[in-house]
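Please read this report alongside the sequence and the coordinates.

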Amino acid sequence: RIVPMPAGDSFYITTPIYYPSDVPHIGHGYTSVAVDALARWHRQGGDDTWMLTGTDEHGQKMLRAAAANNVTPQEWVDKLVTESWFPLLETLDVANDDFIRTTQERHETNVQTFFQRLYDNGYIYAGEYEALYCVGCEEFKPESEIVDGTGPFEGLKVCAIHSKPLELLQEKNYFFKLSEFQDRLLELYRTQPDFVRPDSARNEVVSFVSQGLKDLSISRSTFDWGIPLPWDESHVIYVWVDALLNYATAVGYGADQATFDRRWPAYHVVGKDILRFHAVIWPALLMAAGLEVPRGVFAHGWLLVGGEKMSKSKLTGIAPTEITDVFGSDAYRYYFLSAIAFGQDGSFSWEDLSARYQSELANGFGNLASRTVAMIEKYFGGVVPEAAEYTARDLEIQKIVADAATSADAAVEQFRINEAISSIWTIVDALNGYITENEPWALAKQSNSGDDEKRGRLGTVLYTCAEGLRALAVLLSPVMPQSTEKLWSALGAAESLGRLQDQPIREAGAWGVLRPGTSVSALAPLFPRVETAA
Ligand code: ME8
């Protein structure tokens, strides 16, 4: 079911808020660049776009790490956020509109407002709880995720994800009546089939909820690093529900109704590890508070390194800077967004990254850009020539450009980023083939010996390439903001057409936008040769 979004719509999109205690790795970077590319696309499509990211700073994990480092939890998270998490955004060229931290006042106060409302609405009650808790997951574990320990943990119950012993917690807790929402949730998944995407994620959620839901413990009373419950300050709000609320407090929930109305509801992009929190618990909490549910939840897959899920517990994490220092941030963005089917697991390897960098970016896109600009410099004194008469083959190129732009937009609407990129790449491949067929260097030789028709043809061929590159710059700018910017100015388009980020992406496929007579300027290789140690 494809529902195209009209231009000018509100488009609010979020990443998960990350635990700052982990060092940022390429998995976090993957989610962030995907959300950033989607946001940039919509922003350039004229939608009223808002991209949010941030950090999840409460909970026992943070408290313990701070204690181990002999600092207060606030000092601990402040240090991590400034030293590791803000810089990640710069490293990956993420243009987020806001960054929320759950220790901010704007969050804490309004989380309390939200829970008071749930309490007043009768969805919260006090009870006794005894269950096994994983501090790594910050979650009470269901039977299916508990395994018997081995080695040093022989005889203990351990978390299947973290392989660390679980802690038996027994305390008075407040509970949220999640069990009451089973029917309404199933109704939601039925009436809005794209509420959870992709289909595999939707099926998992539907089957989970169909089996019945248990009420959810939403408070803890044995430590105080969290947000106190407004009606019982001896409890702090469970870190996961505190965290989910970020999506609402960041856009004014409880404080600025006008902003909240303008932005909410959001699209959430998350890794599949945290799908249930977003597709089950979060909409139920919103329903209980009488608020609109999210527009949708998109769960992407796992990045695998050497066949293993890369995470905090398995020390195979690779820092994004290890990649960007060598290949640059555009290549990072392009690689993860094009090589992995968005929604499915994908493997990272240095060999694959290097190979794609060389063939697709350096030899494919980069070389097309360099030689087109160089030929315009050489044969037309650096001035974009006019097209003479278009042949059927030229018109075919124009159609490829128009079709690619249309399909890419349709794919982005469906969060299918890799499909959008492969549609756009049909332009790169077509133009490289077009240059080979038309041999502009031969045309130049013939027109030098006075053949006016060949001169006209040379102009048409090079205009076609330059105009195709103009479309490529616009379409690829959400994915590769830096190299497309360089290309844009080399084409002289910045002066004649204005800023790249202001070019309407949904009109990128129109023909004849780049003006003949525009002066191009030299273009250094967009994707220079790299020496890889790998
Ligand atoms: O779960 N492959 O934070 P977190 C792909 N604070 N993506 C990965 C990944 C991998 N191997 N590893 C991590 C939390 N990610 C909570 C979220 S939201 C209200 C609270 C990405 O720091 C992926 O997006 O553990 C995953 O969902 C997220 O990092 C988990 O980040």
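## Confidence of the model

The structure is a predicted model, and the predictor gives the complex an ipTM of 0.99 together with a pTM of 0.95. Over the protein chain the pLDDT averages 94, with 97% of the residues scoring at least 70.

The stretch formed by residues 1–7 should be read with this in mind: pLDDT stays under 50 there, and the model has 12 contacts for these residues beyond four places in sequence.

## The shell around the ligand

The ligand is surrounded by 22 residues, of which Y18, G27, T31, D56 and G271 are the closest. When the shell around the ligand is sorted by class, 12 of its residues are nonpolar, six are polar and four are charged.

Four elements, namely β1 (10–18), α1 (26–44), α7 (239–244) and β14 (267–271), each contribute at least two residues to this shell. Among the contributors, α1 gives the most, supplying four residues.

## T53 in strand β2

T53 belongs to strand β2, which spans residues 48–55. Is T53 buried or exposed? It counts as buried because 27 C-beta neighbours lie inside 10 Å of T53, where 20 or more are required for that label.

Leaving aside residues up to four places away in sequence, T53 touches T15, S32, N96 and F99. A further distance can be given for T53 and D36, which are 17 residues apart along the chain and whose C-alpha atoms are separated by 9.6 Å.

## Strand β15 and its partners

Strand β15, residues 296–300, is largely enclosed by the rest of the structure, because four of its five residues are buried. One of its partners is strand β9, made up of residues 196–197, which pairs with β15 in the parallel sense over two bridges; within this pairing, V196 has V297 of β15 as its bridge partner.

Another partner is β14, which runs parallel to β15 and is joined to it by five bridges, with V270 bridged to A299 in β15. β14 also supplies at least two residues of the shell around the ligand. Together with helix α10, residues 275–288, the strands β14 and β15 make a β-α-β unit that is right-handed.

Terms used. Residues are numbered from 1 along each chain as its sequence is written. This is a predicted model: local features need pLDDT of at least 70, side-chain atom pairs count only at pLDDT 80 or more; totals for chains, interfaces and linings use all residues. A residue is near a molecule or strand if its C-beta atom, placed from the backbone, lies within 6 Å of it. Ala, Val, Leu, Ile, Met, Phe, Trp, Tyr, Cys and Pro count as nonpolar, Asp, Glu, Lys and Arg as charged, and the others, Gly among them, as polar. A residue is buried if 20 or more other C-beta atoms lie within 10 Å of its own, exposed if 12 or fewer, and partly exposed in between; C-beta atoms are placed from the backbone. Two residues are in contact if their C-beta atoms, placed from the backbone, lie within 7 Å. pLDDT is the predictor's confidence in each residue, from 0 to 100. Two strands pair if DSSP finds at least two bridges between them. A crossover is right-handed if, with the strands pointing away from the viewer, the path from the first strand over the helix to the second runs clockwise.
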